[in-house]
Amino acid sequence: MTNAISIGLDFGSDSVRALAVDCSSGTELATEVVYYPRWKQGQYCVPLKNQFRQHPLDFIESFTKAIQSVVQQLGSAADHVISIGVDATGSSPAPINEKGQVLALLPEFADNPNAMFILWKDHTAIEEAEAINKLCEQPQHSEYLKGCGGVYSSEWFWSKILHIFKQDEAVKKAAASWIECSDWVPALLSGTTAPQDIKRSRCAAGHKCLWNEHWNGLPSYEFFKDLDPSLVEELPYPLFTDTYTAEVPVGTLTAEWAEKLGLSEKVVIAGGGIDSHIGAVGAAAKPYSLVKVIGTSTCDMLTAEKELVTDRFIKGICGQVNGSVVPGYIGFEAGQSAFGDIFAWYQRLLSWPLQQLKKHISDPQELEQAEKTLLNDLAQEWFTHIDLNHLPIALDWFNGRRTPYANQRMKGTITGMTLASDAPTLFGSLVVATACGARAIMECFIEQDIPIHTVMAIGGIAKKSPVIMQVCADVMNRPIEISESDQCCALGGAIFGAVAAGLYKNVTEAQQHMASPIAQTMTPDLQRAKEYEAIYTQYLKWSEICEPQYNR
Ligand SMILES: Nc1ncnc2c1ncn2[C@@H]1O[C@H](COP(=O)(O)OP(=O)(O)O)[C@@H](O)[C@H]1O
Ligand SMILES: O=C(CO)[C@@H](O)[C@@H](O)COP(=O)(O)O
């Protein structure tokens, strides 16, 4: 007999992943990955300006293909699909009209990057984030930053809206509201996109939009008016009031989507959530497990009991919200703005001569293969001849700093190079820098009496690079548990779907049946851990020295 099936839909930075999961056993039955076509060609992005925009059609076309493929793989078992749970990157908001259409779906805005989703890593709104932080220095607005570690980021909702309002009068006039990608997809699938119908997720609203129970929702009317009057003149105030945890259903599949996807109209659509939060649930996170989602960037998720947190706000992290990861617990988020992106940068740098060579040879296949294995080859070469006494010290702020104490003006630094610093050594110094950044996050929690009992890792790099994971274990001096599933975020989406459909009474119960087991635990090497203590001290010293240089 076929068991109930839940589909998790995970919108990453480059691709969307659909995963069909058996709700009784957690067995992954079918999966598909589809890369966003316009994004892949670099459309609407200007990396030099840190502008990264994503067209809504990229998402619609890609998730349609991904689900259709999963449904096809399931065959007749597709009749047993009971739910879809969605997660996406965040804060990745877009402007919508009064029907809930993202403006870039209208002919007059079709090629306007300001009318699209502004991807989390778009840092065009640095000045606007600074304006928000400055405004919060005023006593009447001072509490609003408490829930986000004390600093509002240019990666987040209001910074981005304010930036577009300043840049683009037409978008400002046409936008009836703004929506996070993780809220928009469930709304689209369930036909609830009109601003008054949208069920905003606790997760995105709390971590990115300054929504908090402590001040009964969004900041005051005066806050937005003081920030920029157009925020209350052009948009309704408040933009929304209520928020919902992701196990609360937003509706069922519309007839149109049911037909297009080959699923029943009875399929329940769970509330959306941010990828890393939902991923922590997929990884079977328990209270005080630090779940590191390690990919392009890192998100570090932690849950704690309300009784332990009491009325404290933890400083220097990216956010703290009641119910954002697991309903009933305080969810914390921290992270690094670049992790895998730093290795991708180094790969591009070293591949430049290969690219030139490719133009002059008839069969570039071997070179392409060399490029593909470059990162693991560098890692292996460095680790085989590891020499921590002669390691250049690097800072991992290549895309700004998220945690501790967000500051997107920070930049990457490499110090202490000599004529002996070869390519594997420099790669090693970047790996150690990212591991030191990871340790700084852990220390930030512990120093403020939020204990960390276990460290877990999910995401692309957790599975793809044993060397990087070993270095993290050594530098953090903690065992790191690596989840078996390659798709913890989509799996978490499927778990929320199963609860939304009423199959389980809560997330914890659903996790017991469906969450990923641990594949492997990386144990710290005691000798190296000792040597890394000294390196971590140097990392902190260089952080102190460099910060004022970039802070202008
Ligand atoms: N073997 C590797 N060593 C180091 N970095 C890697 C390796 N494989 C992939 N990466 C980096 O990991 C990132 C992709 O992570 P992944 O979790 O798969 O995607 P996403 O972050 O989009 O969800 C890219 O930045 C890539 O450069
Ligand atoms: O910033 C957040 C969450 O706050 C993530 O959505 C963002 O880091 C997504 O990164 P990945 O592409 O999954 O590495």
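## The sheet

Two strands count as paired if DSSP finds at least two bridges between them. In this predicted model, seven strands form an open sheet with mixed pairing, in the order S14-S15-S13-S12-S18-S19-S20. Strands of a sheet pair through backbone hydrogen bonds, either parallel or antiparallel.

Strand S14 (319–322) and strand S20 (518–522) are at the edges; each has a single partner strand, so one side of each has no neighbour in the sheet. From one strand to the next, the twist averages 25°. S14 and strand S15 (residues 330–336) run antiparallel and are joined by four bridges. Opposite Val321 stands Gly331 in S15.

## The surroundings of ligand 2

Ligand 2 is surrounded by 13 residues, and the closest are Ser13, Gly90, Lys208, Ser297 and Glu333. By class, this shell has three nonpolar, six polar and four charged residues.

Oxygen atoms of ligand 2 lie close to N or O atoms of the protein. In the side chain of Lys208, an N or O atom is 2.6 Å from a ligand 2 oxygen. For Arg402, a polar side-chain atom lies 2.9 Å from an oxygen atom of ligand 2. Thr296 contributes a backbone N or O atom, 3.3 Å from a ligand 2 oxygen. Taken alone, ligand 2 exposes 380 Å², of which the protein buries 92%.

Definitions and conventions
Residues are numbered from 1 along each chain as its sequence is written. Chains are lettered from A and ligands numbered from 1 in the order in which they are written. This is a predicted model: local features need pLDDT of at least 70, side-chain atom pairs count only at pLDDT 80 or more; totals for chains, interfaces and linings use all residues. Side-chain values use heavy atoms; hydrogens and water are left out. A residue is near a molecule or strand if one of its heavy atoms lies within 4 Å of it. A polar contact is a pair of N or O atoms within 3.5 Å; within protein, one must be able to donate a hydrogen and the other to accept it, and residues adjacent in sequence count only if both atoms are side-chain atoms. Accessible areas come from the Shrake-Rupley method with a 1.4 Å probe; for residues, only the protein chains shown count as cover. Ala, Val, Leu, Ile, Met, Phe, Trp, Tyr, Cys and Pro count as nonpolar, Asp, Glu, Lys and Arg as charged, and the others, Gly among them, as polar. Helices (H or I, at least four residues) and strands (E, at least two) are DSSP runs, numbered from the N terminus. Axes are lines fitted to C-alpha atoms, for helices over the stretch in contact, and angles run from 0 to 180 degrees between N-to-C directions.
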